[in-house]
Amino acid sequence: MAALSLDQRLSPQMGKKFHQNGVNIEKIEGLIKVYNDGRVERPATVPNVPCTVASELGVTAKDVVLDKFSNLWARLYAPSCPAAKLPLIIYFHGGGFCVGSAAWSCYHGFLAELASKSGCLIMSVSYRLAPENRLPAAYDDGFNAVMWVKTQAMSGASEHKWWLSKLNISSLFLAGDSAGANIAYNVAVRIGSSNATLLKPLSLKGMILIQPFFGGESRTGSENHAAQPPNSALTLSCSDTYWRLSLPLGANRDHSWCNPLANGSTKLRGLQLPPVMVCVSEMDILKDRNVQFCTALVNAGKRVETIVYKGVGHAFQVLQNSHLSQPRTKEMISHIRDFIRQ
């Protein structure tokens with residue numbers, strides 16, 4: 001799996017809002033700069049890579065356009081010689097809704113290995129980014145990606161036979177890490193509130209939420225006091241910056257897209273949600289918020305499997321920025337494999 005470590009400068013300088021050369025900007029060092037005239041810069045700190053996969057993984061990957069008008073595209077991964085029909089994971093990358101791509105080397109490596117070791121098809125979606133496209137644009141793209149899969153499954157398009165022929169249409173999962181997990185959850189909520197026949201012939205079997213990126217105006221204990229690992233991928237100031245850039249203008253962190261528990265958890269009971277696995281990192285500032293979310297889902301009668309990964313921080317499975325990252329990533333892949341095989 002490709003390893004990526006963010007520069008140590010990211011930790012103290014993440015999430016700065018400051019005045020430079022007469023222009024007010026939002027800045028997360030090494031990842032994004034936003035100027036008050038609307039210009040956005042995203043340094044190429046993380047390289048984009050082509051869809052080539054190491055032969056020993058036994059996985060084929062190809063890039064496909066889902067909607068040319070919104071530039072929505074995805075990278076599809078398919079094990080080469082499956083013994084049976086395979087579940088499909090529609091995956092959304094992290095990056096605070098503001099950065100990231102399905103072509104990022106760290107996601108390509110992680111998802112190629114996940115497809116190989118878990119025995120599943122994966123569609124990694126490259127959705128529109130904020131602040132140019134604030135929420136709900138990413139949710140719209142996520143929903144449209146699901147509908148694209150439905151269309152292909154119904155039409156049996158010959159150009160997609162290389163993966164459609166391996167698809168178990170009754171075994172669809174929505175997944176993502178960080179902001180991508182937030183997208184997966186909100187797309188599932190939208191599907192659950194729609195007509196029961198919306199997905200047919202597909203069937204949504206579950207959600208896999210890895211370190212889901214939620215927030216709130218009130219701080220949690222881990223947000224205030226979490227012991228951050230070196231080269232942490234997410235600090236509190238960084239989190240606040242991402243929310244300022246991605247939420248609708250005028251919204252605060254108690255908007256339901258940021259804080260699904262803002263108005264109490266009673267409304268969760270009425271949501272039609274599939275079983276969910278939530279992956280929590282012990283040293284993540286989001287740990288307490290993730291655990292509270294899981295507790296609220298359980299209290300609302302939902303099927304929830306919560307797994308805490310010891311000694312690692314946010315996005316360890318893609319950043320590989322700790323000596324524990326590799327063994328914990330292997331554990332995570334094993335847990336995901338077991339969940340999708342239930």
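Helices here are DSSP runs of type H or I with at least four residues, numbered from the N terminus. By this definition, helix 2 of the predicted model is followed directly by Gly119, which has a positive phi of about 65 degrees.

The protein contains ten helices and twelve strands. Its radius of gyration is 19 Å. A compact globule of 342 residues would have a value near 20 Å, so the two agree. Along the principal axes, the C-alpha atoms fill a box of roughly 55 × 45 × 40 Å. Of the 342 residues, 55% are buried. Contacts were also examined by sequence separation. Among those with a separation of 6 or more, 75% link residues 24 or more positions apart.

The accessible surface amounts to about 13900 Å². Carbon and sulfur atoms contribute 50% of that area. The charged side chains comprise 34 positive and 24 negative groups. The centres of these two sets lie 6 Å apart.

Helix 2 covers residues 105-118. It has 14 residues and reaches 20 Å from its first C-alpha to its last. That span is close to the 20 Å expected at 1.5 Å a residue. Twelve of the 14 residues are buried, so helix 2 is largely enclosed by the rest of the structure. The buried set includes the charged residue Glu113. Also among the buried residues are Ser105, Cys106, Tyr107 and His108. Phe110, Leu111 and Leu114 belong to this set too.

Helix 3 takes in residues 137-155. Its 19 residues should span 27 Å at 1.5 Å a residue. The end C-alpha atoms are 26 Å apart, which agrees.

One joins Ala130 and Pro131, with omega about 5 degrees. The other joins Leu135 and Pro136, with omega about 20 degrees. Pro131 lies in the loop between strand 8 (121-126) and helix 3. Pro136 is placed in the loop between strand 8 and helix 3 as well. Most peptide bonds are trans, and most residues other than glycine have a negative phi.

Phe97 has phi near 70 degrees. Its place is the loop between strand 7 (86-92) and helix 2. Phe97 counts as buried because its relative accessibility is 1%, below the 20% cut-off. Gln211 has phi near 45 degrees. This residue sits in the loop between strand 10 (204-210) and helix 6 (221-225). With 0% relative accessibility, Gln211 is likewise buried.

Trp104 is 55 residues away along the chain, yet the C-alpha atoms of Val49 and Trp104 are separated by 6.2 Å. Leaving aside residues up to four places away in sequence, Val49 touches Arg75, Ala103, Trp104, Ser105 and His108. Two of these contacts, Ser105 and His108, are among the buried residues of helix 2.

Terms used:
Residues numbered from 1 in each chain as written. Predicted model: local features only at pLDDT ≥ 70, side-chain atom pairs only at ≥ 80, totals over all residues. Heavy atoms only, no water. Helix = DSSP H or I, 4+ residues; strand = E, 2+ residues; numbered from the N terminus. Rg over C-alpha atoms; globule rule 2.2 N^0.38 Å. Buried < 20%, exposed > 50% of the residue type's maximum accessible area, 1.4 Å probe, protein only. Contact = heavy atoms within 4.5 Å. Areas by Shrake-Rupley, 256 points an atom, 1.4 Å probe, with all protein chains shown as cover. Charge placed at Lys NZ, Arg CZ, Asp CG, Glu CD. Expected span 1.5 Å × (residues − 1).
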